[in-house]
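Please keep the sequence and the model in view while reading.

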Amino acid sequence: MAHVLATAQPLALLKRPPSPKASFVDGNDKARKARHGESESDPAVGLAVARHEFGEYGGVNMSIEASATFTVMEPEILRRLFTGELGPERDQLYIYSRHFNPTVLALGRQMAALEGTEAAYCTASGMSAISSVLMQLVGAGGHVVASRCLYGGTHALLSQFLPRTSGVHTTFVDMDDEEAVRSAMKPGETRVVFVETMSNPTLAVADIPMLARLACEAGAKLVVDNTFTPVVVSPARLGADVVVHSMSKFISGCADIIAGAICGPASLVKAMMDLQDGALMLLGPTMNAKVASELAGRLPHLPLRMQEHSRRAAEFATRMRLLGLQVTYPGLPDHPHHDRLSAMGNPCYGAGGMLCVDMGTEERANSLMYHLQNTTHFGLMAVSLGYYQTLMSCSGNSTSSEMAPDDRARAGISPGLIRMSIGYNGTLDQRWAQFESAVTLMKQETTSASASKLI
């Protein structure tokens, strides 16, 4: 035993000393930024200077804390943890992983650095992040002003689930119409203005500074879903109070993880984690520590991936337009919000990796997608986005199917609208040749079908 102890003692010296006291509020430390000469406008810089978590034994990657529960050395400490006198942000003391987990907390600091917010908390899914924020900020019987074009799940949450369970009511408006937004506000009732930076699937770009001003005037909080445009746009720097993400998409990049994030003030995260009435604490949308570790390793190269997604989407959109297709892409000069995105966006990251092709009818859309996947192998028919391969779906019968037909029409979602998340594997010219061939095949089929009807 003495021999074992003698061996173990010097080995213990190799362990990495504990990091400075963990906190979910140090992702946007201005003093740290000043020391590193950081520009607050570039998310890549924020990620690069965020505190790096080493592994327990000096590993370059942080350790995965897989424990559900945590021990204390003295009985009194447990009581003080539950009263809030002690905690992870000040004392590196933990209770239970539904509350805080060291690995998930470290990912939260990265997300805060990415979005330029004071704090962030990572959740089990994007919808759990959105649901928890709305339940925390709006409360029973409250009012929300939301964009009439939203992801179908979010629209269903606001139009069906929250009215039934919490008495929350939502006014859906054209977020481009300043007067319509102002008129929709209900003094003393409106708690949240909710919008997507880039609308799903129509790719309208929200005027975040204008909406932030209107929300502030009404005493409401502006909550922005930035899932389509991480790195490309930083809503908090433009006035948004809270930024939410489905990290399953571009942030993950591999279509193998379900995760979400809430980025905002430290006071909000603390309130949502309150043991008595915090939405996150009591609803429990807890991120697994192993998932947090995976995502922490992918965030550093997110800026590079977004640049390539954007570069290819811009090139494809330009070439598709030359083929005579009806293309929507905010990077095209004739997009109604092109100048707005150029003004709000972070330099060098383009206009994002999403584009839409409107084929007019669902039949034509399905024909094109069939050939793109099964004949020329351009991409995959699947929902979601941000994968390294191109993903495509007909939004009206998939990700926006929760919306009533009239609501889809008001939102500008036509039956033949194909939403494409442009990937970056293969060469650009290789993928373009595949796309062009699929269009040719679809046109040949259409011509043959028309000719057969005349016979």
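## Terms and model

Helices (H or I, at least four residues) and strands (E, at least two) are DSSP runs, numbered from the N terminus. The model shown here is a predicted one.

## The annotated lysine

Where is the place of Lys-249? Lys-249 sits in the loop between β6 (242-246) and β7 (260-264). The UniProt record, an unreviewed entry, gives this position the feature "modified residue: N6-(pyridoxal phosphate)lysine".

Is Lys-249 buried or exposed? Its relative accessibility is 18%, so Lys-249 counts as buried, because buried means under 20% relative accessible area. With neighbours within four places in sequence left aside, Lys-249 is in contact with Thr-227, Ser-384, Leu-385 and Gly-386.

## Salt bridges

Side chains of opposite charge can pair when their charged atoms come close. A salt bridge here needs a side-chain nitrogen of Lys or Arg within 4 Å of a carboxyl oxygen of Asp or Glu. How many salt bridges does this rule give? The count comes to 20 salt bridges.

One of them joins the side chains of Arg-51 and Glu-53, with 2.5 Å from N to O. Arg-51 has 25% relative accessibility and counts as partly exposed, whereas Glu-53, at 15%, counts as buried.

## A pair between two loops

Asp-174 and Arg-148 also meet through their side chains in a salt bridge, at 4.0 Å from N to O. This pair links distant parts of the chain, 26 residues apart. Asp-174 is in the loop between β3 (169-173) and α9 (178-184), and Arg-148 is in the loop between β2 (143-147) and α8 (152-166).

Both ends of the pair count as partly exposed: Asp-174 has 31% relative accessibility, and Arg-148 has 34%.

In the salt bridge between Arg-182 and Glu-217, the closest N and O atoms are 3.9 Å apart. Arg-182 is partly exposed, with a relative accessible area of 31%, while Glu-217 is exposed, at 52%.

Which residues are linked with Arg-182 and Glu-217 in a network of salt bridges? The network also takes in Glu-178, Glu-179 and Arg-213.

Conventions. Residues are numbered from 1 along each chain as its sequence is written. This is a predicted model: local features need pLDDT of at least 70, side-chain atom pairs count only at pLDDT 80 or more; totals for chains, interfaces and linings use all residues. Side-chain values use heavy atoms; hydrogens and water are left out. Buried means under 20% relative accessible area, exposed over 50%, partly exposed in between (1.4 Å probe, protein chains only). UniProt positions are given in the numbering used here, feature names are shortened, and annotations may be inferred rather than shown by experiment. Contact means heavy atoms within 4.5 Å.
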